[in-house]
Amino acid sequence: MLADRHDWAFDFKAQSVSRCLADEFDVQIAYVRDQPDLSSMDLDLLYVFFWGETYHREFDLDPSRVVKEISSHRWANESDYGYLTPAQAARKYLADAGTITSTSKRLLNTFAPYREVHYTPNGFDPDIFRPVGRRSGALRIGWAGDRNDRCKGLDDILIPAAGEEFELHVAGGEFDRNEMREFYNSIDVICVASTAEGTPFPLLEGMACGCFAVAVDVGIVPEVVQSGINGLVVKRKVAAFRKAFRWCAENLEQVRAMGQQNADAMLRTRTWDRVSIYWREALQAACDGIEG
């Protein structure tokens with residue numbers, strides 16, 4: 001499995017999948033940042049987590065042995081990747097892989113006309129991300145992610161929406177995973193204002209810790225958030241988030257009750273053990289497709 005760097009989202013995913021599928025697959029994790037010699041590894045399959053990754057192309061690998069994951073919409077709305085249509089993105093970024101996976105049903109349906117796509121949803125580790133204690137006091141709103149990534153909407157949407165009226169707490173990559181559990185448990189609401197993410201991990205992890213979601217309609221949001229029930233799905237506008245924050249403040253008891261229900265639902269449906277069946281099926285299909 002080829003991740004971008006140590007101790008970040010793709011690395012944690014690789015470790016989790018490796019653990020869940022250890023009975024059938026011997027997984028090695030390599031990192032693009034380390035510039036690994038892929039030709040020296042005895043590989044049946046290479047799983048490339050980032051659809052836009054090209055590092056592995058230096059090693060002239062048989063595409064039938066390469067699996068690529070589509071986990072974001074950056075190909076459509078960021079200049080670095082070309083503002084592409086799905087058809088153009090498939091031709092430019094997916095032709096080097098024999099098997100394609102997707103972390104959201106939205107992305108699966110987007111690329112299904114151009115490639116066969118296997119659904120491989122992301123999960124969370126319940127030993128780490130779980131409710132701890134009871135929430136109390138005034139409404140606390142939170143956001144987590146790479147604060148330097150402009151697609152996330154922290155500076156242009158969430159900070160202005162919170163203004164001086166609401167507490168917005170930010171985890172910008174400075175916490176380890178246990179500290180992130182404490183962060184999620186310290187807030188009532190987890191926000192997603194991204195334009196590009198397929199599966200915002202803070203959404204899954206925050207909900208697993210008992211947070212209510214206020215999110216734009218991106219990636220897996222429709223899969224896990226029912227607006228008005230366990231969260232609010234809003235337009236990507238300052239005014240829409242501010243209105244949602246006011247509703248949360250006025251209905252804080254309901255927000256906290258729905259947050260606990262989110263934790264229960266995530267535990268039933270989204271742990272890595274629960275979703276690993278999809279990964280197993282996708283990797284089995286990739287093995288079946290190997291040429292020679």
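These legends go with a few views of a predicted model.

**About the model.** Local features need pLDDT of at least 70 and side-chain atom pairs count only at pLDDT 80 or more, while totals for chains, interfaces and linings use all residues. Residues are numbered from 1 along each chain as its sequence is written, and side-chain values use heavy atoms, with hydrogens and water left out.

**View 1. The whole chain.** The protein chain has 11 helices and 11 strands; these are DSSP runs (helices H or I, at least four residues; strands E, at least two), numbered from the N terminus. As for overall extent, the C-alpha trace spans about 65 × 40 × 35 Å along its principal axes. Of the 292 residues, 53% count as buried (under 20% relative accessible area; exposed is over 50%, partly exposed in between; 1.4 Å probe, protein chains only).

**View 2. Phe212 meets Trp247.** Here's a stacked pair: the ring centres of Phe212 and Trp247 sit 6.0 Å apart, with the planes at 20°. Rings of Phe, Tyr and Trp (its six-membered ring) pair if their centres lie within 6.5 Å; planes under 30 degrees apart are stacked, over 60 edge-to-face, and the rest tilted. Phe212 belongs to strand β10 (residues 212-215) and Trp247 to helix α9 (residues 238-250), so the pair ties together parts 35 residues apart in sequence. Phe212 is buried, at 2% relative accessibility, whereas Trp247 is partly exposed, at 28%.

**View 3. An aromatic cluster.** Phe10, Tyr47, Phe49, Trp272 and Trp279 together make up one aromatic cluster. By the ring-pairing rule, the count comes to 18 aromatic pairs.
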